[in-house]
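Open your viewer and keep the selection tool ready. This tour goes from stop to stop, telling you what to select and what is there.

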Amino acid sequence: MNGGHVPAADWEIYRVGARLSAIDGLLDSRTAGTEARLQAALSSVAIARGNQAPVDPAADDVAFVGRLLLGLLCRGWPTLASPMVERALLGAIDPTCGLACDPAGSAVAIGWRLRAVDPNHGPAWAQTLLDGLLRGDPRLEIDGGVIADLTDSGSVSAFFVSQLAPLLGQAIGWVEPQRPMATMARDDVPGANKIGSGRVDFALELPGQDDEHPIRLVIEYDGPHHWHQPQVTIDRNRNRLLELHGWQTWRVRTWNEQRDLVALEAWIRQHVEANPLPFQNIDTSRDPGDDPAL
């Protein structure tokens, strides 16, 4: 982490999202387990609080609206889409695509089930659904102003835009800048004298190939003060705490930046090849040595 101050924005963590129950008919038990892990990851939402003057929480109407909104946000991880929304989406299916939509089996149930017209194509459709959940959106654009607000120095912002984004491709949308370590560790997080600010520069958390091997990556961009004590000990403590909770940490040091970037790309490539689903839009064929910037 480069710089000594914490950005003005702070985080509130919620879970929000919706899914179509109709797709359950396309998923076997193994695929359904992967889909559930993806949905849990995708429905985690971190909201950055700005510098606006706080609203008086004691006001009855504000408290009521707040409780109502939180209830809507958190009613499922994710909740089911409404029958109206599901009907509209299912009605848009191209009849020639090889999917059929059947009503729910019970007379008292409201819903539908999708199935492959050709049963031999069922596994392919299940994989297509999983791919769609984590496919990077090609329309994603990085807002430099937002990134500047969410990082703790100009050099970290520049690193995100010029180095990290090209390495991760469309998967950059899953990166969380300045994630609090309190959301990454099960135990009480030590004080600042042990681990510094209590945030990491960049975190990436996604389901892996199974429940026991999630993708938990931390990338830190270290300025010159990380070369000296007590920061060296603080960084070591941070690495150990994160490792205990399944996180792997890579540090790009400004005094060794080019070499660290080459190693970081190789490290990312290793995780991409081991977990192709979340990173399917990243080109893993390029040799890091071919990039003149590295």
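**Stop 1: the largest cavity**

Select Leu168, Val175, Phe202, Ala203, Leu204, Leu217, Val218 and Ile219. These residues line the largest cavity of this predicted model. How do you find such a space? Rolling a probe the size of a water molecule over the atoms shows where empty space is left.

The cavity holds about 30 Å³ of space. The structure has 1 cavity of 30 Å³ or more.

Now colour the lining by class. How many of its residues are nonpolar, polar or charged? The lining has 8 nonpolar residues, no polar ones and no charged ones. Then colour two strands, β8 (199-206) and β9 (215-222). Each supplies at least two residues of the lining.

**Stop 2: a salt-bridge network**

Side chains of opposite charge can pair when their charged atoms come close. The count of salt bridges in this model comes to 9.

Select Glu176, Arg179, Glu205 and Arg216. Salt bridges link these residues in a network. Zoom in on arginine 179 and glutamate 176. Their closest N and O atoms are 3.0 Å apart, and the two form a salt bridge. Glutamate 176 counts as partly exposed, at 24%.

**Stop 3: a positive phi**

Stay in this part of the chain and select glutamine 178. You are in strand β7 (residues 176-180). Glutamine 178 is not a glycine, although it has a positive phi of about 55°. Glutamine 178 has a relative accessible area of 1%, so it is buried, the cut-off being under 20%.

**Stop 4**

Move to isoleucine 172. This residue is in the loop between α6 (154-168) and β7. Isoleucine 172 counts as buried, at 8% relative accessibility. Try the distance tool here.

**Stop 4: a cis peptide bond**

Select glutamine 229 and proline 230. Is the peptide bond between them cis or trans? The bond from glutamine 229 to proline 230 is cis, with omega near 5°. Proline 230 sits in the loop between β9 and α8 (231-244).

**Stop 6**

Now show aspartate 235 and arginine 251. Their side chains meet in a salt bridge, at 3.7 Å from N to O. Aspartate 235 lies in helix α8 and arginine 251 in strand β10 (residues 248-253), so the pair ties together parts that are 16 residues apart in sequence.

**Stop 5: another salt bridge**

Go on to arginine 253 and aspartate 260. These two form a salt bridge, and their closest N and O atoms are 2.9 Å apart. Arginine 253 counts as partly exposed, at 30% relative accessibility. Aspartate 260 is buried, at 5%.

**Stop 6: helix α9**

Select valine 262. Which helix holds this residue? Valine 262 is in helix α9 (residues 257-274). Valine 262 counts as partly exposed, at 32% relative accessibility. Draw a line to valine 252. The C-alpha atoms of valine 262 and valine 252 are 9.9 Å apart, and the residues are 10 apart in sequence.

**Stop 7: a loop residue**

Valine 117 has a relative accessible area of 55%; exposed means over 50%, so valine 117 is exposed.

**Stop 8: a nonpolar surface patch**

Finish with Phe64, Val65, Leu68 and Leu69. Together they form a nonpolar patch on the surface, with about 370 Å² of accessible area. Click on valine 65. This residue is in helix α2 (residues 60-73). Valine 65 is partly exposed, with a relative accessible area of 41%.

Key: Residues are numbered from 1 along each chain as its sequence is written. This is a predicted model: local features need pLDDT of at least 70, side-chain atom pairs count only at pLDDT 80 or more; totals for chains, interfaces and linings use all residues. Side-chain values use heavy atoms; hydrogens and water are left out. On a 1 Å grid over the protein atoms alone, a cavity is a set of points where a 1.4 Å probe fits but cannot get out, and a pocket is an open set with protein on both sides within 12 Å along at least five of seven lines; lining residues have an atom within 4 Å of a point. Grid points are joined across faces, edges and corners, and a volume is the space filled by probe spheres set on the points. Helices (H or I, at least four residues) and strands (E, at least two) are DSSP runs, numbered from the N terminus. Ala, Val, Leu, Ile, Met, Phe, Trp, Tyr, Cys and Pro count as nonpolar, Asp, Glu, Lys and Arg as charged, and the others, Gly among them, as polar. Patches are made of residues with over 30% relative accessible area and no salt bridge: like charges are joined within 9 Å, nonpolar side chains (Val, Leu, Ile, Met, Phe, Trp, Tyr) within 5 Å. Accessible areas come from the Shrake-Rupley method with a 1.4 Å probe; for residues, only the protein chains shown count as cover. A salt bridge is a side-chain nitrogen of Lys or Arg within 4 Å of a carboxyl oxygen of Asp or Glu. Buried means under 20% relative accessible area, exposed over 50%, partly exposed in between (1.4 Å probe, protein chains only).
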